[in-house]
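Hi,

Here's the structure I promised to pass on. Have a look at it first, then read my notes below.

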Amino acid sequence: MASQNASEDGQMYLIQVDPVRRNISLALTQIFVWPFMYLIFLMLLTFSRKEAFRTDTRYILFGHSLLVDLMFLLLTDLVVLLSYNVVLIPLHFCVPVCMLMDTITVCAPLTIMAMCLERFVAICMPLRHNAISTSRRALMVILMIWILSFISPFVDMLILVSTASREYMSQKTHCHYEIMILEGIRRFARGLMFILGMLIILIIEVVCYVMIFLAARAASSDKKSASKGHRTISLHILQLFLCSAEIVCPYIENVVAMQYDIQTYLTVRFVNFLAFSITSRAVSPLVYGFRDEKFYAAMVYFLGCKINVISSDTDR
(Lines give C-alpha, C1' and ligand atoms only; values in the text may rest on other atoms or scores of the structure.)
Protein backbone atom coordinates (compact mmCIF):
# COMPACT_ATOMS: atom_id res chain seq x y z
CA MET A 1 0.00 0.00 0.00
CA ALA A 2 2.79 2.37 0.92
CA SER A 3 4.75 1.51 -2.21
CA GLN A 4 1.67 2.20 -4.32
CA ASN A 5 1.19 5.61 -2.67
CA ALA A 6 4.86 6.37 -3.21
CA SER A 7 4.49 5.47 -6.86
CA GLU A 8 1.52 7.82 -7.20
CA ASP A 9 3.44 10.63 -5.49
CA GLY A 10 6.32 10.06 -7.90
CA GLN A 11 3.99 10.27 -10.87
CA MET A 12 2.47 13.50 -9.60
CA TYR A 13 5.99 14.88 -9.18
CA LEU A 14 6.88 13.97 -12.75
CA ILE A 15 3.76 15.70 -14.04
CA GLN A 16 4.24 18.86 -11.97
CA VAL A 17 8.02 19.13 -12.30
CA ASP A 18 7.86 22.19 -14.61
CA PRO A 19 4.57 24.07 -15.19
CA VAL A 20 5.83 25.67 -18.42
CA ARG A 21 6.89 22.33 -19.92
CA ARG A 22 3.66 20.79 -18.71
CA ASN A 23 1.55 23.41 -20.49
CA ILE A 24 3.62 23.13 -23.67
CA SER A 25 3.31 19.34 -23.62
CA LEU A 26 -0.42 19.55 -23.08
CA ALA A 27 -0.84 22.05 -25.93
CA LEU A 28 1.25 19.92 -28.31
CA THR A 29 -0.81 16.87 -27.42
CA GLN A 30 -4.04 18.68 -28.33
CA ILE A 31 -2.50 19.97 -31.57
CA PHE A 32 -1.59 16.43 -32.56
CA VAL A 33 -4.69 14.63 -31.33
CA TRP A 34 -7.63 16.73 -32.54
CA PRO A 35 -6.75 17.06 -36.26
CA PHE A 36 -6.21 13.31 -36.41
CA MET A 37 -9.50 12.65 -34.63
CA TYR A 38 -11.34 14.93 -37.07
CA LEU A 39 -9.90 13.16 -40.11
CA ILE A 40 -10.58 9.70 -38.69
CA PHE A 41 -14.14 10.74 -37.81
CA LEU A 42 -14.62 12.03 -41.36
CA MET A 43 -13.38 8.71 -42.73
CA LEU A 44 -15.77 6.82 -40.46
CA LEU A 45 -18.66 8.92 -41.77
CA THR A 46 -17.56 8.14 -45.32
CA PHE A 47 -17.46 4.44 -44.49
CA SER A 48 -20.94 4.50 -42.92
CA ARG A 49 -22.55 6.40 -45.83
CA LYS A 50 -21.56 4.00 -48.63
CA GLU A 51 -23.15 0.54 -48.66
CA ALA A 52 -20.38 -0.92 -50.81
CA PHE A 53 -17.90 -0.31 -47.99
CA ARG A 54 -20.17 -1.81 -45.33
CA THR A 55 -20.48 -5.09 -47.26
CA ASP A 56 -16.82 -5.48 -48.29
CA THR A 57 -14.61 -7.43 -45.88
CA ARG A 58 -11.59 -5.28 -46.57
CA TYR A 59 -13.42 -2.04 -45.80
CA ILE A 60 -15.24 -3.52 -42.80
CA LEU A 61 -11.90 -4.33 -41.19
CA PHE A 62 -10.58 -0.92 -42.21
CA GLY A 63 -13.62 0.77 -40.65
CA HIS A 64 -13.05 -1.22 -37.47
CA SER A 65 -9.42 -0.07 -37.35
CA LEU A 66 -10.63 3.53 -37.72
CA LEU A 67 -13.09 3.08 -34.84
CA VAL A 68 -10.44 1.52 -32.61
CA ASP A 69 -7.95 4.32 -33.31
CA LEU A 70 -10.59 7.00 -32.70
CA MET A 71 -11.53 5.45 -29.36
CA PHE A 72 -7.85 5.18 -28.43
CA LEU A 73 -7.20 8.85 -29.22
CA LEU A 74 -10.29 9.99 -27.30
CA LEU A 75 -9.45 7.98 -24.17
CA THR A 76 -5.77 8.89 -24.33
CA ASP A 77 -6.57 12.58 -24.60
CA LEU A 78 -8.98 12.30 -21.67
CA VAL A 79 -6.35 10.64 -19.50
CA VAL A 80 -3.73 13.20 -20.54
CA LEU A 81 -6.02 16.11 -19.66
CA LEU A 82 -6.79 14.61 -16.27
CA SER A 83 -3.15 13.82 -15.51
CA TYR A 84 -1.63 17.11 -16.63
CA ASN A 85 -4.26 19.03 -14.68
CA VAL A 86 -3.53 16.80 -11.65
CA VAL A 87 -7.11 15.58 -11.41
CA LEU A 88 -7.34 12.46 -9.26
CA ILE A 89 -10.42 10.28 -9.61
CA PRO A 90 -11.59 7.27 -7.55
CA LEU A 91 -9.80 4.07 -8.49
CA HIS A 92 -13.00 2.13 -9.14
CA PHE A 93 -13.83 4.66 -11.89
CA CYS A 94 -10.32 4.36 -13.36
CA VAL A 95 -10.50 0.57 -13.65
CA PRO A 96 -13.12 0.47 -16.48
CA VAL A 97 -11.21 3.18 -18.38
CA CYS A 98 -7.95 1.25 -18.03
CA MET A 99 -9.63 -1.99 -19.10
CA LEU A 100 -11.09 -0.35 -22.21
CA MET A 101 -7.78 1.27 -23.15
CA ASP A 102 -5.89 -1.99 -22.77
CA THR A 103 -8.52 -3.81 -24.83
CA ILE A 104 -8.26 -1.21 -27.59
CA THR A 105 -4.45 -1.38 -27.48
CA VAL A 106 -4.56 -5.11 -28.21
CA CYS A 107 -7.36 -4.72 -30.78
CA ALA A 108 -5.17 -2.59 -33.05
CA PRO A 109 -2.47 -5.15 -33.98
CA LEU A 110 -5.04 -7.97 -34.16
CA THR A 111 -7.09 -5.92 -36.63
CA ILE A 112 -3.98 -5.22 -38.72
CA MET A 113 -3.28 -8.95 -38.76
CA ALA A 114 -6.86 -9.65 -39.89
CA MET A 115 -6.49 -7.09 -42.70
CA CYS A 116 -3.24 -8.72 -43.70
CA LEU A 117 -4.83 -12.18 -43.84
CA GLU A 118 -7.70 -10.80 -45.91
CA ARG A 119 -5.27 -9.37 -48.45
CA PHE A 120 -3.36 -12.66 -48.44
CA VAL A 121 -6.55 -14.55 -49.35
CA ALA A 122 -7.51 -11.95 -51.98
CA ILE A 123 -4.16 -12.06 -53.79
CA CYS A 124 -2.92 -15.60 -53.20
CA MET A 125 -6.31 -17.39 -53.35
CA PRO A 126 -8.43 -15.17 -55.65
CA LEU A 127 -10.82 -17.96 -56.68
CA ARG A 128 -11.79 -18.64 -53.05
CA HIS A 129 -11.74 -15.03 -51.87
CA ASN A 130 -15.47 -14.36 -52.32
CA ALA A 131 -16.39 -17.56 -50.49
CA ILE A 132 -13.97 -17.01 -47.60
CA SER A 133 -14.12 -13.24 -47.12
CA THR A 134 -17.77 -12.47 -46.42
CA SER A 135 -19.19 -9.60 -44.41
CA ARG A 136 -20.62 -12.02 -41.83
CA ARG A 137 -17.24 -13.63 -41.28
CA ALA A 138 -15.66 -10.20 -41.02
CA LEU A 139 -18.07 -9.29 -38.20
CA MET A 140 -17.32 -12.62 -36.51
CA VAL A 141 -13.59 -11.91 -36.73
CA ILE A 142 -14.12 -8.47 -35.19
CA LEU A 143 -16.11 -10.05 -32.35
CA MET A 144 -13.32 -12.57 -31.76
CA ILE A 145 -10.76 -9.75 -31.74
CA TRP A 146 -12.66 -7.95 -28.98
CA ILE A 147 -13.10 -11.14 -26.96
CA LEU A 148 -9.40 -12.01 -27.17
CA SER A 149 -8.39 -8.44 -26.35
CA PHE A 150 -10.70 -8.32 -23.33
CA ILE A 151 -9.46 -11.54 -21.68
CA SER A 152 -6.32 -10.11 -20.08
CA PRO A 153 -7.84 -6.92 -18.56
CA PHE A 154 -10.87 -8.95 -17.38
CA VAL A 155 -8.62 -11.42 -15.54
CA ASP A 156 -6.60 -8.57 -14.04
CA MET A 157 -9.81 -6.92 -12.87
CA LEU A 158 -11.02 -10.12 -11.19
CA ILE A 159 -7.68 -10.56 -9.39
CA LEU A 160 -7.70 -6.92 -8.29
CA VAL A 161 -11.24 -7.08 -6.91
CA SER A 162 -10.53 -10.33 -5.05
CA THR A 163 -7.17 -9.32 -3.55
CA ALA A 164 -7.14 -5.53 -3.08
CA SER A 165 -8.34 -3.97 0.17
CA ARG A 166 -11.37 -1.73 0.42
CA GLU A 167 -9.11 1.21 1.30
CA TYR A 168 -7.07 0.69 -1.86
CA MET A 169 -10.17 0.48 -4.06
CA SER A 170 -11.57 3.71 -2.58
CA GLN A 171 -8.45 5.86 -3.00
CA LYS A 172 -8.04 8.49 -5.71
CA THR A 173 -5.39 8.12 -8.37
CA HIS A 174 -4.28 8.83 -11.94
CA CYS A 175 -5.62 6.43 -14.56
CA HIS A 176 -2.87 4.07 -15.66
CA TYR A 177 -3.00 0.30 -16.07
CA GLU A 178 -0.45 -0.40 -13.32
CA ILE A 179 -3.08 0.40 -10.68
CA MET A 180 -4.70 -2.94 -11.60
CA ILE A 181 -1.49 -4.97 -11.18
CA LEU A 182 -0.01 -4.68 -7.69
CA GLU A 183 2.59 -7.46 -7.92
CA GLY A 184 5.83 -6.84 -9.78
CA ILE A 185 6.01 -10.41 -11.07
CA ARG A 186 2.59 -10.06 -12.69
CA ARG A 187 3.66 -6.83 -14.39
CA PHE A 188 6.73 -8.60 -15.76
CA ALA A 189 4.63 -11.56 -16.92
CA ARG A 190 2.12 -9.24 -18.57
CA GLY A 191 4.86 -7.40 -20.45
CA LEU A 192 6.45 -10.69 -21.52
CA MET A 193 3.13 -12.08 -22.79
CA PHE A 194 2.46 -8.86 -24.71
CA ILE A 195 5.89 -9.01 -26.36
CA LEU A 196 5.42 -12.68 -27.30
CA GLY A 197 1.98 -11.91 -28.72
CA MET A 198 3.33 -9.07 -30.81
CA LEU A 199 6.18 -11.24 -32.10
CA ILE A 200 3.70 -13.92 -33.19
CA ILE A 201 1.59 -11.29 -34.96
CA LEU A 202 4.66 -9.82 -36.62
CA ILE A 203 5.79 -13.23 -37.86
CA ILE A 204 2.34 -13.96 -39.31
CA GLU A 205 2.18 -10.55 -40.99
CA VAL A 206 5.71 -10.73 -42.40
CA VAL A 207 5.03 -14.18 -43.86
CA CYS A 208 1.76 -12.96 -45.39
CA TYR A 209 3.32 -9.83 -46.85
CA VAL A 210 6.23 -11.80 -48.34
CA MET A 211 3.77 -14.22 -49.94
CA ILE A 212 1.69 -11.29 -51.22
CA PHE A 213 4.78 -9.61 -52.64
CA LEU A 214 5.94 -12.79 -54.39
CA ALA A 215 2.47 -13.43 -55.80
CA ALA A 216 2.14 -9.83 -57.00
CA ARG A 217 5.59 -9.89 -58.61
CA ALA A 218 4.86 -13.20 -60.34
CA ALA A 219 1.56 -11.89 -61.70
CA SER A 220 2.96 -8.53 -62.81
CA SER A 221 4.08 -8.16 -66.38
CA ASP A 222 5.17 -4.54 -66.17
CA LYS A 223 7.45 -2.57 -63.88
CA LYS A 224 4.68 -0.17 -62.85
CA SER A 225 2.64 -2.87 -61.11
CA ALA A 226 5.73 -4.31 -59.47
CA SER A 227 6.72 -0.86 -58.21
CA LYS A 228 3.24 -0.30 -56.78
CA GLY A 229 3.41 -3.62 -54.97
CA HIS A 230 6.82 -2.73 -53.60
CA ARG A 231 5.52 0.58 -52.22
CA THR A 232 2.58 -1.20 -50.60
CA ILE A 233 4.87 -3.69 -48.90
CA SER A 234 7.11 -0.86 -47.72
CA LEU A 235 4.09 0.89 -46.19
CA HIS A 236 3.08 -2.30 -44.39
CA ILE A 237 6.59 -2.74 -42.99
CA LEU A 238 6.54 0.86 -41.73
CA GLN A 239 3.18 0.28 -40.08
CA LEU A 240 4.46 -2.86 -38.37
CA PHE A 241 7.49 -0.96 -37.10
CA LEU A 242 5.38 1.84 -35.67
CA CYS A 243 2.99 -0.57 -33.96
CA SER A 244 5.86 -2.60 -32.51
CA ALA A 245 7.92 0.38 -31.36
CA GLU A 246 5.60 0.94 -28.38
CA ILE A 247 6.99 -2.27 -26.87
CA VAL A 248 10.55 -0.90 -26.85
CA CYS A 249 9.73 2.60 -25.58
CA PRO A 250 9.38 1.75 -21.85
CA TYR A 251 12.78 0.05 -21.84
CA ILE A 252 14.39 3.04 -23.54
CA GLU A 253 12.77 5.35 -21.01
CA ASN A 254 14.06 3.23 -18.12
CA VAL A 255 17.62 3.46 -19.46
CA VAL A 256 17.29 7.24 -19.88
CA ALA A 257 15.88 7.56 -16.35
CA MET A 258 18.89 5.75 -14.88
CA GLN A 259 21.57 7.64 -16.84
CA TYR A 260 20.20 11.16 -17.35
CA ASP A 261 18.37 13.88 -15.45
CA ILE A 262 14.61 14.03 -15.00
CA GLN A 263 14.06 16.68 -17.70
CA THR A 264 15.74 14.48 -20.31
CA TYR A 265 13.65 11.54 -19.17
CA LEU A 266 10.42 13.53 -19.43
CA THR A 267 11.37 14.81 -22.89
CA VAL A 268 12.12 11.30 -24.18
CA ARG A 269 8.92 9.96 -22.67
CA PHE A 270 6.83 12.71 -24.24
CA VAL A 271 8.46 12.32 -27.67
CA ASN A 272 7.80 8.56 -27.54
CA PHE A 273 4.21 9.27 -26.54
CA LEU A 274 3.62 11.59 -29.50
CA ALA A 275 5.54 9.52 -32.04
CA PHE A 276 4.39 6.01 -31.21
CA SER A 277 1.23 6.27 -29.10
CA ILE A 278 -0.47 9.12 -31.00
CA THR A 279 1.04 9.74 -34.44
CA SER A 280 1.67 6.10 -35.37
CA ARG A 281 -1.92 5.05 -34.62
CA ALA A 282 -3.37 8.02 -36.50
CA VAL A 283 -1.08 8.07 -39.54
CA SER A 284 -1.51 4.41 -40.51
CA PRO A 285 -5.29 4.45 -41.13
CA LEU A 286 -5.07 7.86 -42.78
CA VAL A 287 -2.40 6.64 -45.19
CA TYR A 288 -4.47 3.56 -45.96
CA GLY A 289 -7.55 5.67 -46.60
CA PHE A 290 -5.83 8.23 -48.80
CA ARG A 291 -3.99 5.57 -50.82
CA ASP A 292 -7.17 3.66 -51.58
CA GLU A 293 -8.56 5.36 -54.70
CA LYS A 294 -12.12 4.11 -54.17
CA PHE A 295 -12.31 5.23 -50.55
CA TYR A 296 -10.52 8.52 -51.22
CA ALA A 297 -12.94 9.38 -54.05
CA ALA A 298 -15.92 8.65 -51.81
CA MET A 299 -14.46 10.78 -49.00
CA VAL A 300 -13.82 13.73 -51.33
CA TYR A 301 -17.35 13.43 -52.72
CA PHE A 302 -18.85 13.28 -49.22
CA LEU A 303 -16.78 16.27 -48.06
CA GLY A 304 -17.70 18.22 -51.21
CA CYS A 305 -21.41 17.61 -50.62
CA LYS A 306 -21.10 18.85 -47.06
CA ILE A 307 -19.30 22.01 -48.18
CA ASN A 308 -21.97 22.69 -50.83
CA VAL A 309 -24.75 22.25 -48.26
CA ILE A 310 -23.05 24.66 -45.86
CA SER A 311 -22.49 27.18 -48.65
CA SER A 312 -26.14 27.04 -49.77
CA ASP A 313 -27.32 27.52 -46.17
CA THR A 314 -25.01 30.52 -45.82
CA ASP A 315 -26.29 32.08 -49.04
CA ARG A 316 -29.85 31.95 -47.75
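Let's begin with Arg-119, which is partly exposed, with a relative accessible area of 25%. Keep in mind that this is a predicted model. The side chain of Arg-119 meets that of Glu-118 in a salt bridge, at 2.8 Å from N to O. Glu-118 itself counts as buried, because its relative accessibility is 4% and the cut-off for buried is under 20%.

That pair is one of three salt bridges in the structure. If you're new to these, side chains of opposite charge can pair when their charged atoms come close.

Another one joins Asp-102 and Arg-190, at 2.3 Å from N to O. Here the partners come from distant parts of the chain: Asp-102 sits in helix H5 (residues 91–124) and Arg-190 in helix H9 (residues 184–219), 88 residues apart. Asp-102 is buried at 10% relative accessible area, while Arg-190 is partly exposed at 27%.

Then there's Arg-186 with Asp-156, whose closest N and O atoms are 2.8 Å apart. Arg-186 lies in helix H9 and Asp-156 in helix H7 (residues 135–163), so this pair ties together parts 30 residues apart in sequence. Both Arg-186 and Asp-156 are buried.

Now for helix H4. It covers residues 57–84, 28 residues in total, and reaches 40 Å from first C-alpha to last, close to the 40 Å expected. Of those 28 residues, 21 are buried, so H4 is mostly covered. Just after H4, look for Val-86, which takes a positive phi of about 55°.

Cheers!

Key: Residues numbered from 1 in each chain as written. Predicted model: local features only at pLDDT ≥ 70, side-chain atom pairs only at ≥ 80, totals over all residues. Heavy atoms only, no water. Helix = DSSP H or I, 4+ residues; strand = E, 2+ residues; numbered from the N terminus. Expected span 1.5 Å × (residues − 1). Buried < 20%, exposed > 50% of the residue type's maximum accessible area, 1.4 Å probe, protein only. Salt bridge = Lys/Arg side-chain N within 4 Å of Asp/Glu carboxyl O.
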